[in-house]
Amino acid sequence: MQEELEQRTVSVSIQAAKLSGRVLRSAIATVLRKMEQERTTPKVGQNSMKRLTYKDPGVNTIEVSGRIRSFERYARKHQVRYHIEKELGTDPPKWTVYFKANQADALTAAFKEYTQKDLARSTRPSLLSQLHKFKELAQALGRDRVKNKEHGGPER
């Protein structure tokens, strides 16, 4: 079996009075350490489960139902590191949000803001119902106008 290899290019700039093998080896080792640290350190926003639990496996969970995209926006705003998994076979969809325990305050703030917006959205009338109401109003106005023309009422 032949293994497939990935080719990657890394640019390193080194400022030194004399470029020796030791200086080059040290620079490459520093770059590799930094790349490994960036790969394993959870970043703000959505992470893989492996990255989120790399050094500390302790994570907490919250279940979210409905619109997950708007929740993600608030989580990034509050600098939360999280991982989302969808529960299969549920309608409406349910999502499980995994997050680090040390970020409970930030996640609480993000979840609070999300639920306030979600409640405000649910109390608003839908666009389709408003459109239906205005359509009926326009039809009623059209019928009144036709009746006024037939009965010789005032023209506009």
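L32 lies in helix 1, which spans residues 21-40; helices (H or I, at least four residues) and strands (E, at least two) are DSSP runs, numbered from the N terminus. The model is predicted, so that local features need pLDDT of at least 70 and side-chain atom pairs count only at pLDDT 80 or more, whereas totals for chains, interfaces and linings use all residues. Residues are numbered from 1 along each chain as its sequence is written, and side-chain values use heavy atoms, with hydrogens and water left out.

L32 contributes to a nonpolar surface patch of about 690 Å², together with V10, V12, I14, L19, L24, I28 and M35. Patches comprise residues with over 30% relative accessible area and no salt bridge, nonpolar side chains (Val, Leu, Ile, Met, Phe, Trp, Tyr) being joined within 5 Å and like charges within 9 Å. A salt bridge places a side-chain nitrogen of Lys or Arg within 4 Å of a carboxyl oxygen of Asp or Glu; accessible areas follow the Shrake-Rupley method with a 1.4 Å probe.

A surface patch of positive charge is formed by R73, R76, K117 and R124. Of these residues, R73 belongs to helix 3 (residues 68-77) and is partly exposed, with a relative accessible area of 47%; buried means under 20%, exposed over 50%, and partly exposed in between.

The protein chain has five helices and four strands, in the order α-β-α-β-α-β-β-α-α. Of its 156 residues, 18% count as buried. Mean pLDDT (the predictor's confidence in each residue, from 0 to 100) is 77 for the chain. Confidence is highest in helix 1, at 87, and lowest in strand 1 (residues 45-46), at a mean of 70.

Terms used. Lys, Arg positive; Asp, Glu negative; His and termini not counted. Charge placed at Lys NZ, Arg CZ, Asp CG, Glu CD. Buried < 20%, exposed > 50% of the residue type's maximum accessible area, 1.4 Å probe, protein only.
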